[in-house]
Amino acid sequence: MSLKVHHVGYLVKNIDKAAAQFETLGYTIINEKCRDDYRKVDIIFMEKDGYEIELVSPFSDDSVVSGLMSRFKNSPYHICYEADDLEKASAELTANGFTAIDVPTTAPAIDGRRVQFLMGRFAGMIELLEKNDMP
């Protein structure tokens, strides 16, 4: 299984203020704010020194991250790995102790590529991202 780190997901209460503060640290915005109606979050990708972060902010109390926001506030909460084969990587990880916490779904903030979240007892939450085969 080949997994490449794509980004670190960073949970934030106010996405615009968080983006401005990350800009003072030298990050640049990669994409405009994107609304993910399925997960009920707003997302901004930023980059610094070749590393990408994904700012994720719930816009509804029933967002998939609202419970995490109430526990962790502003903090990193997942690492995203790009997988050559999403289903194969998911099957391998679940065979090695990870638990799928959702099914593969499209992610509007990442060009509609499919993602799936898994939880590892010792590694925490990870996101698998289907590899982009477009040049």
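Visitor: In this predicted model, which class, nonpolar, polar or charged, has the most residues in the lining of the largest pocket?
Guide: The lining of the largest pocket holds one polar residue and five charged residues. Another 15 residues of that lining fall in the remaining class, which is nonpolar.

Visitor: How many residues line the largest pocket, and which lie nearest its centre?
Guide: The lining is made up of 21 residues. Nearest the centre of the largest pocket are Arg39, Val64, Val65, Asp102 and Phe117.

Visitor: Which element gives the largest share of the lining of the largest pocket?
Guide: Elements that give two or more residues to this lining include strand S4 (41–48), strand S5 (51–58) and strand S6 (75–83). Strand S9 (113–120) and strand S10 (124–130) also belong to that group. The largest share is three residues, and it comes from S9.

Visitor: How much space lies in the second largest pocket?
Guide: The lining of the second largest pocket includes Lys4, His6, Gly50, Glu82 and Arg113. The space in this pocket is about 190 Å³.

Visitor: Which element supplies the largest share of the lining of the second largest pocket?
Guide: Strand S1 (3–11) and S5 each supply at least two residues of this lining. Among the lining residues are Lys4, Val5, His6, His7 and Val8. The largest share is five residues, and the strand that supplies it is S1.

Visitor: How many charged residues are in the lining of the second largest pocket?
Guide: Three residues of this lining are nonpolar and three are polar. The charged residues number four.

Notes
Residues are numbered from 1 along each chain as its sequence is written. This is a predicted model: local features need pLDDT of at least 70, side-chain atom pairs count only at pLDDT 80 or more; totals for chains, interfaces and linings use all residues. Side-chain values use heavy atoms; hydrogens and water are left out. On a 1 Å grid over the protein atoms alone, a cavity is a set of points where a 1.4 Å probe fits but cannot get out, and a pocket is an open set with protein on both sides within 12 Å along at least five of seven lines; lining residues have an atom within 4 Å of a point. Helices (H or I, at least four residues) and strands (E, at least two) are DSSP runs, numbered from the N terminus. Ala, Val, Leu, Ile, Met, Phe, Trp, Tyr, Cys and Pro count as nonpolar, Asp, Glu, Lys and Arg as charged, and the others, Gly among them, as polar. Grid points are joined across faces, edges and corners, and a volume is the space filled by probe spheres set on the points.
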